[in-house]
Amino acid sequence: MQRRLPRRRDARAITVEVMNMIDLRNMTSRENSPRARIIVVGDGRVGLRFCQKMVELDLHHEYELIVFSEERLPAYDRHALAAYGQHRNDEQLLLAPTSWYAEHGITLHLSDRILKIDRGERQILSSRGEALTYDRLVLATGSYSYVPSIVGNEQQGIHLFRSIKDMERIIADREHCRSVAVIGGGLFGLEAAKAVFDLGLKTHIIESAPWLMQHQLDETGAACLREFIEAQGVEVHLNKTTTDIRGNGTRVTGLGFQDETGVDVDMVVFAAGIRPRDELGRICQLDIHSDGGIVVNNQLQTSDPHIYAIGKAAWHPDLMCGLVSPGCQMADVLAANLTGTPTDFTGIEQAVNRNIMGVNIACFGDEIFSGSDFESVTWRDPGRGIYRKLYINPQGTRILGGILVGDTSDYDRLLSLMKTEQTLTCSVEELLKNEASTSETSTTLAPPSPKLTRKVV
Ligand SMILES: Cc1cc2nc3c(=O)[nH]c(=O)nc-3n(C[C@H](O)[C@H](O)[C@H](O)COP(=O)(O)OP(=O)(O)OC[C@H]3O[C@@H](n4cnc5c(N)ncnc54)[C@H](O)[C@@H]3O)c2cc1C
């Protein structure tokens, strides 16, 4: 049973400017309590990572940790949702056993949504009626699926693909349909396509851009991926902007596109992007960025010094994407700050290394996105469905990033070469073709073979 605390009498004025210097341990603790209380809202991968880091740093003895999640399961792996359609086993999805929280003295409230934050009283109110005070509040509320306002999107047969609840709804609805259109040909869209395809539905992927995974791949890499996907029987529709969702009065019957073509389907899944879950921050009037997201400083502190935001719910200039690694780094930084060692969130490279619909895909490298000077070399082996591209500095001595389709077996090595900014000791061509020995000692950089395309970007 959760201990309820007396209401705080010394409600203080709220500082609305983001503090630059902090010593979290010197900030006020709850009266009459041996331990300061931290409430974490959201038990996704990032909320869990924060708790795990607190345990690793032995801070769970110093702070009382209470976690709230609106979902029925403790933190689970969203990447594994597609496979859930096959095994339907909750345990296989979990990132930590349910017992882990109690074993470390962490109180976990499931299926209980935080509705309100009273910043003056430093108190949260939950949907199950918990009213608890906090010394620190951590908002790890993640993101939601973006649904564009398309005519007809209120009909039966329309789904999202982000949570276990979404997946359960798709599974239940599967009985009523034979074909499905997934709107969005990015990373999440392809995950959604895999999920519905594996449920035995004729699957269409609808993408408004000229190629799939446009944030991660170039046109040639995406073409390799498309070939593989289509060979499995999935139809890919590029350059298609959906203008209306057709229906028969009750249920979806198809999609209409801007170019006046269309596709007949009886289910639609939106996987066309995500937006920060910043509504709690809005309700209690924290600073919110114009693009969405609760504004945080380098210590992940919001405009209220007692409230922090981590993961996609937060807005920080170096948080560019909704991927796992930057959110986890934020969780680590926040936990480290709670030890009293000031640590800054500095951003993290965007890297993806996944099997997407049966194809190994990896991409890495910040320079690609920040537009520094670089050249690129590419190699393709159509017979084996392999395409590889490396971004190198103009001198050809350093790896700045890359795109790997079909063969990603040396991803860790390439990523490490990039991160450590090592001068290459083998030829770019060997790296490109994945033929470089790990013990390569040559210091000469061989010119690229004539078969390779070298392009100055
Ligand atoms: C299908 C799919 C595939 C993906 N593939 C990749 C990949 O290959 N690589 C990669 O890096 N990332 C991938 N991602 C993204 C990755 O899952 C996210 O980066 C990660 O989930 C972010 O974790 P989070 O804890 O910040 O947010 P979330 O996982 O969204 O967790 C936030 C939690 O907070 C809860 N919550 C929100 N508001 C409240 C409230 N008021 N009260 C209580 N609880 C609340 C939410 O219900 C949710 O459970 C994928 C995501 C999906 C959906």
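This is a predicted model: local features need pLDDT of at least 70, side-chain atom pairs count only at pLDDT 80 or more; totals for chains, interfaces and linings use all residues.
**Close-up 1. The shell around the ligand.** Here we're looking at the 36 residues that surround the ligand, with Gly-42, Gly-44, Gly-142, Gly-311 and Leu-323 as the closest. Sorted by class, the shell comes out at 13 nonpolar, 12 polar and 11 charged residues.

Close-up 2. The strands run in the order 4-5-6, and the pairing is antiparallel. Strand 4 (114-118) and strand 6 (131-133) sit at the edges with a single partner strand each, so one side of each has no neighbour in the sheet. From one strand to the next, the twist averages 20 degrees. Zoom in on strand 5 (residues 123-126) and you'll find 3 bridges joining it to strand 6 in the antiparallel sense. Leu-125 is the residue to look for opposite Ala-131 of strand 6.

**Close-up 3. Ser-325 and its contacts.** Leaving out residues up to four places away in sequence, Ser-325 touches Ile-348 and Ala-351. Gln-350 lies 25 residues from Ser-325 along the chain, yet their C-alpha atoms are separated by 7.8 Å. Ser-325 counts as partly exposed because 13 other C-beta atoms fall within 10 Å, while the exposed class stops at 12 or fewer and the buried class starts at 20 or more.

Definitions and conventions:
Residues are numbered from 1 along each chain as its sequence is written. A residue is near a molecule or strand if its C-beta atom, placed from the backbone, lies within 6 Å of it. Ala, Val, Leu, Ile, Met, Phe, Trp, Tyr, Cys and Pro count as nonpolar, Asp, Glu, Lys and Arg as charged, and the others, Gly among them, as polar. Two strands pair if DSSP finds at least two bridges between them. Helices (H or I, at least four residues) and strands (E, at least two) are DSSP runs, numbered from the N terminus. Axes are lines fitted to C-alpha atoms, for helices over the stretch in contact, and angles run from 0 to 180 degrees between N-to-C directions. Two residues are in contact if their C-beta atoms, placed from the backbone, lie within 7 Å.
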